[in-house]
Number of protein chains: 2
Amino acid sequence: MVQNMPATDRIRDHAGQGATTVAAHRARRRLRADQARQLADLLRRQLLTGDFPAGALPHEATLAADYRASRNTVREALDLLRAEGLVERLPGVGTIVVAQKYPHGLDRLMGLAETLHEHGHVTNEVRTMGPVAAPAPVADRLRVPPGADVLYIERLRRLGGVPLSLDLTYVPLDIGVDLLGADLENTDVFRLLEALTGQCLGHAEITLEAVNADAHSAAVLEAPRGSAVLMLERLTHLADGRPVDLEFIRFRGDRISMSGRLHRSL
Amino acid sequence: MVQNMPATDRIRDHAGQGATTVAAHRARRRLRADQARQLADLLRRQLLTGDFPAGALPHEATLAADYRASRNTVREALDLLRAEGLVERLPGVGTIVVAQKYPHGLDRLMGLAETLHEHGHVTNEVRTMGPVAAPAPVADRLRVPPGADVLYIERLRRLGGVPLSLDLTYVPLDIGVDLLGADLENTDVFRLLEALTGQCLGHAEITLEAVNADAHSAAVLEAPRGSAVLMLERLTHLADGRPVDLEFIRFRGDRISMSGRLHRSL
């Protein structure tokens, strides 16, 4: 895919004239890095959607031919995917897919177990649970008096034993008190809230960010320190509009992707 | 907010009995790290939504009182926000907000300049532009024959001079050819596509991920190597359903957040 690019040609011509100059060498390296990123982005999607049968990527030579890229560019692209923890290169075997990102829906308000039910059973390790005096920003958003008790829950959520997310949850105590005896290990808070209130949930305001995991959060999530985390803040309301569930969720970046559909007109 | 937690009390009592044991020390440190994360999450939201007048956070002692946390916990929470590049601590001044994350809408399909128009002017540095033979996954998604030329564009997008995102874009060539002479430096591709086709855009399928920036992407985005990037893959269709724009976008995690609203029922 590289040869047709005008910019590429221009840089190559220039490099040809300057031969061994440092500037030309740098330009080539920069160009190859751009091309490797381009290729890695195409391969990332294919491996995340399971396009590679048996979890193995084609040989480097095949990829080079298919993508009209140099072997060096292919190697650099595979290095990028390896650094993200998505593939491993096994001597004598080739490049294999080692990570799976689970697709979390962005179109409908759903709990983790609901959205991932096709992929396995979600279990929750409750690290902390109990009443806390609501700090001002929590009280404000849950519409309870500042300092009133709310239920605080901290859960490490796993799919098939693998840590997916660390969730910090605040619920008004009149509803939260009934969560204390509920099966939080195996059930989404969303489902429990609907069962306890006899109401469906209505809507949620969400904010998504990418952050680097601090050392402690990384350790809890069994991820490398500094690894990218998809951070979700979500304030969920009952169908009648009352806010009932404020959550701060750190998803492991290498385990979760979020997919949805946007429309141009509302 | 800490004293009321049952888990906290339990660990504190235990630490009191065991006095100086290593286990008790570790438990205390772990507990403080949990509490610091909890506090940092509450402060993060406030500073991102501009809740702190004049861009300065309250004094540590005030935060400690407001959040019923120890001074050590407050300091550790501020350290977490500093590591994320959101605040700085100035001797004799206190803790000030140094980063702004711009809110990108998740409810409607919009270009970057459109969604951020209140915050300033978006400029685009076109790093590469020209026809390339469509690799199979691109051809497949844009519904052009494999190997047919498509227009490839690579842009570094800035707001007020600050790099926000690196965008890799593929457009079918029959439409893309008209983009070659367009003002890509100052205009969203979305707007240009609508002007060129005389059609509104319809919908897009999006996937969001958090990834660590590779060295080269980080350098282009002027961000530290390994910093968290919000990665958006987006396939946009015209109102008549034809796919016209496949993009791979790396947003700097410390500059962009995505916000929207989800509903329980569709």
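A:R37 and A:D34 both lie in helix α2 (residues 22-48) of chain A, 3 residues apart, about one turn of the helix. Helices here are DSSP runs of H or I with at least four residues, strands are runs of E with at least two, and both are numbered from the N terminus. The two residues form a salt bridge, with the closest N and O atoms 3.1 Å apart. A salt bridge requires a side-chain nitrogen of Lys or Arg within 4 Å of a carboxyl oxygen of Asp or Glu.

The model is predicted: local features need pLDDT of at least 70 and side-chain atom pairs count only at pLDDT 80 or more, while totals for chains, interfaces and linings use all residues. Residues are numbered from 1 along each chain as its sequence is written, chains are lettered from A and ligands numbered from 1 in the order in which they are written, and side-chain values use heavy atoms, without hydrogens and water.

An unreviewed UniProt entry annotates residues 33-100 of chain A as "domain: HTH gntR-type". UniProt positions follow the numbering used here, feature names are shortened, and annotations may be inferred rather than shown by experiment. The span is 53% helix and 12% strand, and its end C-alpha atoms lie 25 Å apart.

Two strands count as paired if DSSP finds at least two bridges between them.

The chains join in this sheet through β7 (residues 201-212) of chain A and β10 (residues 256-263) of chain B, which pair in the antiparallel sense over 6 bridges. Here A:I206 stands opposite B:G260, and A:H203 has B:H263 as its bridge partner. β3(B) and β10(B) pair in the parallel sense over 4 bridges. B:H104 stands opposite B:M258 in β10(B).

Helices from both chains cover the strands of chain A.

The contact between the chains takes 84 residues from chain A and 84 residues from chain B. Contact means heavy atoms within 4.5 Å. About 7200 Å² is buried, of which carbon and sulfur atoms give 56%. Buried area is the accessible area (1.4 Å probe) that two parts lose on being put together, summed over both. In chain A, A:R37, A:L262 and A:R264 lose the most area to chain B, together 14% of what that side buries.

Across the interface there are 16 salt bridges. One of them links A:E233 and B:R45, with the closest N and O atoms 3.1 Å apart. β7(A) gives the largest share of the side of chain A that touches chain B, 12 residues.
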